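Morning, everyone. I will go through one structure today, a few residues and a few helix pairs at a time. Please have a look at it first.

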Amino acid sequence: MHVTTRPPRTARFFLVCVAVGLLAGLMSGLFGVGGGTVIVPLLVLVLGFDQRLAAGTSLAAIVPIASVGVITYAVEGHVAWLPALILAAGAVGGAQIGTWLLPKLSQTALRWSFVAFLLVVIVSLYFVIPSRDAELELTWITGPGLAVLGVVTGILAGLLGVGGGIIVVPALLLLFGASDLIAKGTSLLMMIPTALSGTAGNLRRRNVDLAGAACVGVAACATTALGAQIAMAVDPFVANVLFSVFLVFIAGQIAVKAVRGRHQR
């Protein structure tokens with residue numbers, strides 16, 4: 001049985017968790033992502049968390065982070081509620097498929113494929129500038145499309161450990177024509193049931209540091225609304241540029257993992 005080593009509860013532990021939370025909250029509100037791409041590597045690198053424990057702790061922290069983000073976007077009318085629930089239902093089911101496929105597929109090939117996907121998205125963001133007036137309406141075409149997107153998002157989350165926002169936000173922008181703000185608000189709402197479902201499983205497996213998750217999550221709540229307000233204040237093209245820079249960072253992280261994974265084989 002895998003035994004997880006937990007870092008000691010020192011002043012440094014809580015200070016680092018607060019700092020990680022403040023940064024993750026800002027990124028979450030600004031880009032409509034959960035913040036796991038910031039939380040997980042910092043917990044591993046700075047506090048020496050085991051990868052599983054870092055991922056489980058991050059997922060638990062995402063619940064309050066995404067909740068504050070949703071409220072901030074919803075107040076301004078930038079959340080598509082029913083589409084978010086369709087996405088979440090697909091993602092929860094897709095995650096089960098992803099974890100089932102995990103031992104059967106080459107992680108290195110998957111990671112390089114995802115890096116290629118992110119590069120296409122990054123380039124597209126400079127050619128497709130969303131309208132702030134665009135809505136995300138449910139039709140006979142978009143409804144099933146959202147369900148499929150949710151399943152694909154869940155599968156990739158299960159396979160690669162990436163957050164749903166990295167996939168959902170650009171997909172809603174580029175494929176569904178949603179405004180950047182609705183894409184971000186809807187993405188954050190989708191994450192809440194998904195994160196709750198994952199956290200329940202992680203708690204059973206003892207893959208959550210509750211003190212760390214609470215510290216990161218509460219600290220993040222202080223900056224999530226600020227990130228969302230910045231997103232609403234900047235021009236849509238500037239928002240796309242900022243998001244593309246963030247995606248370059250994510251693609252770099254995944255590429256490094258792909259290289260390391262190949263060398264470890």
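Contact here means heavy atoms within 4.5 Å.

Before I go on, some housekeeping. This is a predicted model, in which local features need pLDDT of at least 70 and side-chain atom pairs count only at pLDDT 80 or more, while totals for chains, interfaces and linings use all residues. Residues are numbered from 1 along each chain as its sequence is written, and side-chain values use heavy atoms, with hydrogens and water left out.

Back to T186. Where does T186 sit? Its place is in helix 8, residues 180-204. Helices (H or I, at least four residues) and strands (E, at least two) are DSSP runs, numbered from the N terminus. T186 has 0% relative accessibility, so T186 counts as buried. Buried means under 20% relative accessible area, exposed means over 50%, and partly exposed is in between, with a 1.4 Å probe and protein chains only.

L136 lies in the loop between helix 5 and helix 6, the latter being residues 142-160. Is L136 buried or exposed? Its relative accessibility is 8%, so L136 counts as buried. Apart from neighbours within four places in sequence, L136 is in contact with A80, P83, L172, F176, A178, I182 and T186. The C-alpha atoms of L136 and A228 are separated by 19 Å, and these residues are 92 apart along the chain.

Helix 7 is mostly covered, with nine of its 10 residues buried.

Two packed helices are described by the angle between their axes and the distance between the axes. Helix 5, residues 107-124, packs against helix 7, residues 165-174, at an angle of about 40 degrees, and their axes are 11 Å apart. Axes are lines fitted to C-alpha atoms, for helices over the stretch in contact, and angles run from 0 to 180 degrees between N-to-C directions. Angles under 35 degrees count as roughly parallel, over 145 as roughly antiparallel, 65 to 115 as roughly perpendicular, and the rest as oblique. Helix 5 and helix 7 are therefore oblique to each other.

The crossing of helix 5 with helix 7 is left-handed. That term applies if the near helix is turned anticlockwise from the far one by less than a right angle; right-handed applies if clockwise.

**Helix 1 and helix 2**

Now the second pair. Helix 1, residues 11-31, and helix 2, residues 36-47, have axes that come within 10 Å and cross at roughly 155 degrees. Helix 1 and helix 2 are therefore roughly antiparallel to each other. Their crossing is right-handed. On the helix 1 side the contact is made by R12, F13, V16, C17, V20, L23, A24 and M27, and on the helix 2 side by V38, I39, L42, V46 and L47. By class, the contact of helix 1 with helix 2 has 12 nonpolar, no polar and one charged residues.

C17, in helix 1, counts as buried because its relative accessibility is 1%. Leaving aside neighbours within four places in sequence, C17 is in contact with L47, G212, C215 and V216.

**Two residues with more accessible area**

S197 is found in helix 8. S197 has a relative accessible area of 35%, so it is partly exposed.

R206 is in the loop between helix 8 and helix 9, the latter being residues 210-233. At 64% relative accessibility, R206 counts as exposed. Most residues other than glycine have a negative phi. R206 is not a glycine, yet it has a positive phi of about 60 degrees.

Definitions and conventions:
Ala, Val, Leu, Ile, Met, Phe, Trp, Tyr, Cys and Pro count as nonpolar, Asp, Glu, Lys and Arg as charged, and the others, Gly among them, as polar.
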